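Hi,

Here is the structure I promised to pass on. Have a look at it first, and then read on for what I found in it.

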Amino acid sequence: MDPLVHRIRETYDALPLGERKLAELILEMRGDLAAYSATELAARSGVSKATAARLVRRLGYADFHEMRQQARNHYHNGSPLAELSNTLGLEATLAQHLAHDVAGLTRTIETIPAGDVQAAVGILAGAQRVIVVGFRNSYAPAFYARELLVQVRPHVILLPVSGQTVSEELSDLGRSDAILAFGFRRRPPVLGRILRIAAAAKARTVLLGDSSIGKFGKSAQIVFRCFSRGARLFDSYVAAMSLVNYLGSGVALALGASAQERLRRIESLHNEFSDLER
């Protein structure tokens with residue numbers, strides 16, 4: 001088992017409320033501690049820097065640097081193989097799984113500035129073309145985002161296209177375009193290159209990912225960090241899917257009559273093709 005996880009579990013019940021909140025955050029993002037300072041972690045969990053220092057000492061570390069280094073040495077970049085060693089022999093009920101996902105969703109929404117949501121909706125509604133990008137596990141929320149957006153606005157592209165490279169679709173990228181990118185952990189390096197290309201082309205970017213984004217999101221105008229650690233072996237994308245749903249609805253409302261007319265035409269075509277069960 002991860003030594004940091006073990007120490008937190010051993011002391012958790014005895015922790016004061018503030019230290020417990022910070023401990024929960026560390027468990028959520030333990031593989032990504034290298035991206036944050038003690039001050040940043042304290043701010044994200046709503047506790048003081050002094051509370052963070054007390055927790056570090058209570059866990060048996062000389063300082064935050066030592067704790068972060070141990071976590072980084074043990075962790076394997078989100079590999080399910082590494083997580084398996086932390087969950088073997090531990091029982092988890094469906095109710096605990098639900099509680100974990102609800103907590104992650106709540107934390108995600110509570111830490112997102114309202115202005116960022118409105119700015120992202122404006123970018124996605126106002127662009128001439130929206131290119132949605134997601135690789136590996138990030139492909140699922142990217143696919144969902146594309147399916148929502150294409151119902152309410154034209155010119156929405158999903159990358160990567162199966163069996164194809166991305167160069168052709170990015171060749172004419174410009175300032176009138178928007179990138180909606182998904183960068184959850186274990187992402188391939190190509191995503192970073194796409195974001196840099198978008199920045200060079202003056203295209204506006206909205207990026208959804210987890211706490212591992214760190215400096216990776218510097219090229220994006222708006223960055224949403226979703227809590228994605230699962231209760232057990234695999235990551236959870238509940239928060240990401242919920243946020244995508246909200247952004248899609250926001251774009252529809254922002255476009256108003258044009259979105260309504262597009263939806264009306266789509267329904268008419270569904271009827272003509274009889275492609276949906278009635």
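Keep in mind as you go through it that this is a predicted model.

α8 covers residues 114–126 and α12 residues 238–255; they pack at an angle of about 60°, with their axes 9 Å apart. The crossing of α8 past α12 is right-handed. On the α8 side, the contact uses V117, A120, V121, L124 and A125, and α12 brings in Y246, L247, G250, V251, A254 and L255. By type, that contact has ten nonpolar residues, one polar and no charged.

Now the sheet. It is open and has five strands, with the order β2-β1-β3-β4-β5 and parallel pairing. The edge strands are β2 (156–159) and β5 (222–225); each has a single partner strand, so one side of each has no neighbour in the sheet. From one strand to the next, the twist averages 15°.

If you zoom in on β1 (residues 129–134), you'll see that it pairs with β2 in the parallel sense over four bridges. Within that pairing, I131 sits opposite I157 of β2. α8 turns up again here: this helix packs on the sheet and touches β1, β3 (177–183), β4 (204–209) and β5, and its direction makes about 125° with that of β5.

How are α1 and α2 oriented relative to each other? They are roughly antiparallel, because their packing angle is about 150°. α1 spans residues 3–11, and the axes of α1 and α2 are 11 Å apart. This crossing is left-handed. L4, V5 and I8 of α1 meet A23, I26 and L27 of α2, and the contact of α1 with α2 divides into six nonpolar residues, no polar and no charged.

α2 (residues 17–28) also packs against α4 (residues 49–58), at an angle of about 70° and with the axes 9 Å apart. That angle makes α2 roughly perpendicular to α4. The α2 residues involved are G18, E19, L22, A23 and I26, and they meet T51, A52, R54, L55 and R58 in α4. The make-up of this contact is five nonpolar, two polar and three charged residues.

Lastly, the backbone. Most residues other than glycine have a negative phi, and most peptide bonds are trans. Two spots here go the other way. R136 has a positive phi of about 55° without being a glycine, and R136 belongs to the loop between β1 and α9. The peptide bond joining L159 and P160 is cis, with omega about 0°; P160 is in the loop between β2 and α10 (167–170).

That's what I have for now.

Cheers

Key
Residues numbered from 1 in each chain as written. Predicted model: local features only at pLDDT ≥ 70, side-chain atom pairs only at ≥ 80, totals over all residues. Heavy atoms only, no water. Axes fitted to C-alpha atoms, helices over the stretch in contact; angles between N-to-C directions. Helix = DSSP H or I, 4+ residues; strand = E, 2+ residues; numbered from the N terminus. Left-handed = near helix turned anticlockwise from the far one by under 90°. Contact = heavy atoms within 4.5 Å. Nonpolar A, V, L, I, M, F, W, Y, C, P; charged D, E, K, R; others polar. Parallel < 35°, antiparallel > 145°, perpendicular 65-115°, else oblique. Pairing = 2+ DSSP bridges.
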